[in-house]
Amino acid sequence: MRAEMREEDAGRQPLGLYVVGGVFFLVIFTVVAGSFVRPDPLSFLPSPVDPQSPTDRFVVDTVTVDGRDGSRWAFFDFEKRSAVAGPVAGWDLAVSRYHIVVNGGEGYPGAGGAVAIGAPWEDVIEAPAGGYATTEGELDDGPATPGLERWYQYGFFSHLLEPKDETYVIRTAEGRYAKLRILSYYCPQATPGCLTLVYGYQGDGSRRLTD
């Protein structure tokens, strides 16, 4: 009887190993196959350079800043609600690929700063009085604004940069305030470097970030 049981157990063990091995290889195949499947990211065409007249109210808009050329910076001005030609025209944010910096800090003419807020967009109704990070380093020397430098996470399987679920408050070069969220990092055809921002800018100079 015991001999028969040993023979039966011996017959079961290889089958169990085959099942475990099959599951293992299925998992490995799924992981490897998934790494080659790149989903289409949310993408937008760059917004035209179209400066607007200053406003004294709270405005919400969306803009796509063309930072595809990593050899130069693209600039955005909240007061003009547009990308601008360059530093001479005044600016609040500078973008180059996945880098975003503010016009504030040692060596910069503006009063800009940035702070990440751990709250949904609709809950951010007033800009903080302090705690703003400014830009460290010159534009020609790899600058960084600590409040903005890690706005993304890398998708291991998608190999895409995905914006974090984060709201940022920006103090502009003129000392006014805006809140923003980053929607996407891609132009059509998954071309990187187009930063699409949803922002709310307060033109009356107060810290109120709502209508």
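This is a predicted model: local features need pLDDT of at least 70, side-chain atom pairs count only at pLDDT 80 or more; totals for chains, interfaces and linings use all residues.
Across the whole structure, a search finds twelve aromatic pairs. One of them joins W151 and Y152. W151 has a relative accessibility of 1%, so W151 counts as buried. Y152 is also buried, at a relative accessible area of 12%. Both values fall under 20%, which is the limit for calling a residue buried.

W151 has a further ring partner, Y185. Here the centres lie 5.8 Å apart and the planes stand at 55°, so this pair is tilted. W151 belongs to the loop between β6 (113–117) and β7 (152–154), while Y185 sits in strand β10, which covers residues 177–187. The two positions are 34 residues apart in sequence, so the contact ties together separate parts of the chain. Y185 is buried as well, because its relative accessible area is 3%.

These residues belong to a wider group. Ring pairs link W151, Y152 and Y185 with Y98 and Y186, and the five residues form a cluster.

Another kind of contact with a ring involves a charge. The ring of W121 has the charged end of K179 sitting over it. The distance from that charged end to the ring centre is 4.5 Å.

Methods: Residues are numbered from 1 along each chain as its sequence is written. Side-chain values use heavy atoms; hydrogens and water are left out. Rings of Phe, Tyr and Trp (its six-membered ring) pair if their centres lie within 6.5 Å; planes under 30 degrees apart count as stacked, over 60 as edge-to-face and the rest as tilted. Buried means under 20% relative accessible area, exposed over 50%, partly exposed in between (1.4 Å probe, protein chains only). Helices (H or I, at least four residues) and strands (E, at least two) are DSSP runs, numbered from the N terminus. A charge sits over a ring if NZ of Lys or CZ of Arg is within 6 Å of the ring centre and within 35 degrees of the ring normal.
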